[in-house]
Amino acid sequence: MTRTLPRTSEPAVGKPIDRVDGTAKTTGAARFAAEHPYPGLAHAALVHATISRGRITAIDTTEAAAIPGVVTVLTHHNAPALKPPRKVSPLDLSTMASGTSVAYLNTDEVHWDGQPVAVVVAETLTAAREAAALVKVVYAPMRSTVDFLAEEPNARPQKGNLLMSGSAKKGDAEAALATAPVRVEGRFTTPPHHHNAIEPHATTAVWDGDRLTVHDATQSIDWLRSHLALRFDVPAEGVRVIAPFVGGGFGGKAMIWPGTILTVMAARATGRPVRLLLTREGVYRTVGGRTPSTQRVALGARTDGRLTALVHTSVTYTGRVGGSPEQVTSQSKHVYDAENILVRQNLVELDLISNTSMRAPGDAMGTFALEAAIDELAYELGMDPIELRMRNEPERNPIDGRRFANRNLREAYRLGAERFGWADRTPEPGSMRDGRWLVGMGVATAFHPAWQFLANVTVRLSVDGTVLVRCGFQEMGMGGATAQAQIAADALGVPVESVRVEYGDSTLPLSPAAGGSMQTASVASSVLAACQKLRRKLAKLGPPGETPAAVLARAGVPSLEASVGSDSRLGRLTGQARFLAKLLRDQRRWMRAASGAQFCEVRVDPDTGETRVSRWTAAFDVGRVINAKTAVSQLRGGIVMGIGMALSEETLVDPRTGRIMNPGLGEYHVPVHADIPPIDVAYLDEPDPTMPLGLIGVGEVGITGVAGAIANAVHHATGRRIRDLPITLDKLL
Ligand code: MOS
């Protein structure tokens with residue numbers, strides 16, 4: 001595509017280029033949502049409900065209001081009105097944005113333990129938090145349903161959505177299972193998990209008449225803008241969301257949670273700029289996390305290892321006031337070429353905060369159970385677990401025979417096994433030792449579907465040689481701006497240093513939310529299209545010059561611009577409709593996904609049950625890699641998060657009250673540096689032929705398969721199959 005222009009620089013795509021915003025972040029120059037100073041800024045603190053369901057019968061704010069510096073205490077008696085969220089519609093994805101359906105501070109109803117029931121606004125953060133602790137609330141509790149395991153028998157079939165079905169089948173898997181020569185079957189459980197991004201959720205809100213400016217830690221600038229306009233009944237054109245820097249999201253900042261709404265409400269009520277920085281506990285009480293799951297995996301095989309039956313079913317929860325049904329069994333439709341497949345997802349509704357997406361929703365949990373069961377089958381068969389996987393590697397998408405857009409899992413296994421040294425493993429459990437440590441090696445498949453959504457982009461080339469790419473996408477630390485600069489540089493044949501990318505602001509062209517591992521591919525597709533347009537315009541100005549800027553100079557044109565998509569109401573609607581049609585067409589034609597092979601070595605102390613991960617190697621098929629540094633960091637980060645999921649992370653919900661009992665990093669254990677070994681990440685760099693630039697996402701596939709690989713390694717070390725996460729030492733004694 002860049003052939004008609006002479007190259008003025010080496011290609012940037014694929015290089016391990018440093019983040020363009022790295023200096024701003026490491027020097028503290030980058031401002032996050034709670035770091036914007038405004039004259040007259042007031043601070044907010046939330047008061048949380050302490051029952052899981054019922055009504056507020058009395059609320060006493062006298063003592064709180066008497067704290068020096070308190071500006072106001074908002075409750076359902078005096079809070080400004082809030083419009084209800086809209087019904088979810090595929091034609092307007094922003095309708096999916098509401099974390100819950102609750103009319104915060106507009107109702108006396110309580111729907112979960114932790115729901116904000118009052119907001120204190122004060123001159124200082126200290127005063128706001130002190131006063132919040134003094135608000136006295138009396139409740140009339142009602143019967144609530146909060147015990148996930150007790151509710152499991154009442155689970156109902158889960159409905160499908162636009163992207164995924166709630167259940168699917170091929171043949172008669174249960175019948176095939178019953179007659180299979182070799183079979184394994186297990187019940188697996190995963191606990192609730194909570195979001196612990198390094199930046200807790202934060203909002204700064206400023207009203208000017210009906211115009212609103214919001215700095216927010218969000219993964220979805222455009223959704224937030226539409227949603228706030230709707231809830232506060234003001235024109236969307238007057239709402240500006242600014243979020244150039246977000247300190248990690250992982251799905252926890254994709255939806256809009258009460259803190260954001262209530263900050264905007266507090267600013268409206270007080271007529272002052274208001275900032276709310278959630279405490280870590282505040283994040284646990286007001287932001288959804290990953291649902292717990294119970295899963296059944298049953299596998300039937302012939303003695304040669306060929307799968308005849310694969311059954312994978314799940315139960316998860318959504319909140320009674322919102323949440324997104326988890327696609328736990330999704331990967332079981334795509335990973336193994338079983339003759340008969342049955343996947344089914346079931347749901348219960350609980351009076352807890354709505355669940356939400358958390359890195360690789362569905363697949364992170366589903367691959368734990370599926371991959372542990374495959375390992376178990378390998379032992380039943382007396383076969384190497386990689387060999388078993390290779391014997392069941394499909395040519396076409398197992399559930400429906402669609403073609404794979406890309407599928408290089410065999411190569412990923414070959415590469416990973418060699419780098420890891422899989423051949424040195426002796427298969428017998430407990431057969432490898434290092435001093436007092438039992439050593440185990442485990443392997444598992446990583447899998448995550450790849451999507452692409454609508455993005456609007458403008459690219460401008462100036463006579464001074466600089467290029468400006470504008471798109472309102474979100475940057476949460478993954479290096480989005482760096483990747484797009486690399487893509488634009490190559491598409492225009494200019495050095496990457498001359499490209500500047502503007503992002504993180506709703507005044508820029510519309511971008512999809514950063515989620516589902518699809519932001520980079522979505523934006524890249526439009527950046528490429530805009531660059532192509534720009535080059536056609538450039539060609540009309542005159543013959544190719546030494547550089548694109550030289551063509552402009554000769555023609556006496558100061559700058560040239562090209563756009564993809566339109567931000568007008570009509571433009572957005574037609575864009576969305578066109579895109580949905582393409583999405584559905586694509587889905588019928590291809591199965592597109594990122595995949596990989598996870599290898600780990602663990603050491604288990606036979607006396608204490610302490611488990612340490614001592615080595616990790618992963619080899620991924622993630623299409624073309626745009627930036628060798630940021631992509632590997634993303635994949636490595638996913639593996640770190642998976643190690644937490646496997647060994648320590650667990651949100652403890654009191655089954656009697658629905659109250660989260662460990663709302664903070666002191667008692668919810670995320671991995672620390674000492675828990676993480678060197679992580680060797682390799683990738684095939686094989687472009688997906690159906691995607692612009694061959695690029696698919698790297699955000700989520702990294703966590704998938706991790707818990708399975710660890711459970712398999714623990715079995716290899718100890719002979720114990722632990723099917724309930726996290727694998728804590730008590731389960732090994
Ligand atoms: Mo992600 S869980 O799609 O932010």
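Biologist: Is Cys 471 buried or exposed?
Modeller: This is a predicted model, so the values are computed from it. A residue counts as buried under 20% relative accessible area. Cys 471 has 0% relative accessibility, so Cys 471 counts as buried.

Biologist: How far from Cys 471 is the nearest cysteine sulfur, and how many disulfides are there?
Modeller: The nearest sulfur belongs to Cys 531, 12 Å away. Cys 531 is in no disulfide either.

Biologist: Which domains does the assignment give?
Modeller: The assignment gives two entries. One is domain 2, covering 454–587. The other is domain 1, made of 362–450 + 592–733.

Biologist: How many residues does each domain bring to the contact?
Modeller: The domain centres, over C-alpha atoms, are 36 Å apart. Domain 1 still touches domain 2. The contact takes 14 residues from domain 1 and, from domain 2, 15 residues.

Biologist: What area do domain 1 and domain 2 bury between them?
Modeller: Carbon and sulfur atoms carry 59% of it. The total is about 1,100 Å².

Biologist: Which residues form the salt bridge between domain 1 and domain 2?
Modeller: The count between the two domains is one salt bridge.

Terms used: Residues are numbered from 1 along each chain as its sequence is written. This is a predicted model: local features need pLDDT of at least 70, side-chain atom pairs count only at pLDDT 80 or more; totals for chains, interfaces and linings use all residues. Side-chain values use heavy atoms; hydrogens and water are left out. Domain bounds come from an automatic or database domain assignment. Contact means heavy atoms within 4.5 Å. Buried area is the accessible area (1.4 Å probe) that two parts lose on being put together, summed over both. A salt bridge is a side-chain nitrogen of Lys or Arg within 4 Å of a carboxyl oxygen of Asp or Glu. Ala, Val, Leu, Ile, Met, Phe, Trp, Tyr, Cys and Pro count as nonpolar, Asp, Glu, Lys and Arg as charged, and the others, Gly among them, as polar. A disulfide is a pair of cysteine sulfur atoms within 2.5 Å. Buried means under 20% relative accessible area, exposed over 50%, partly exposed in between (1.4 Å probe, protein chains only).
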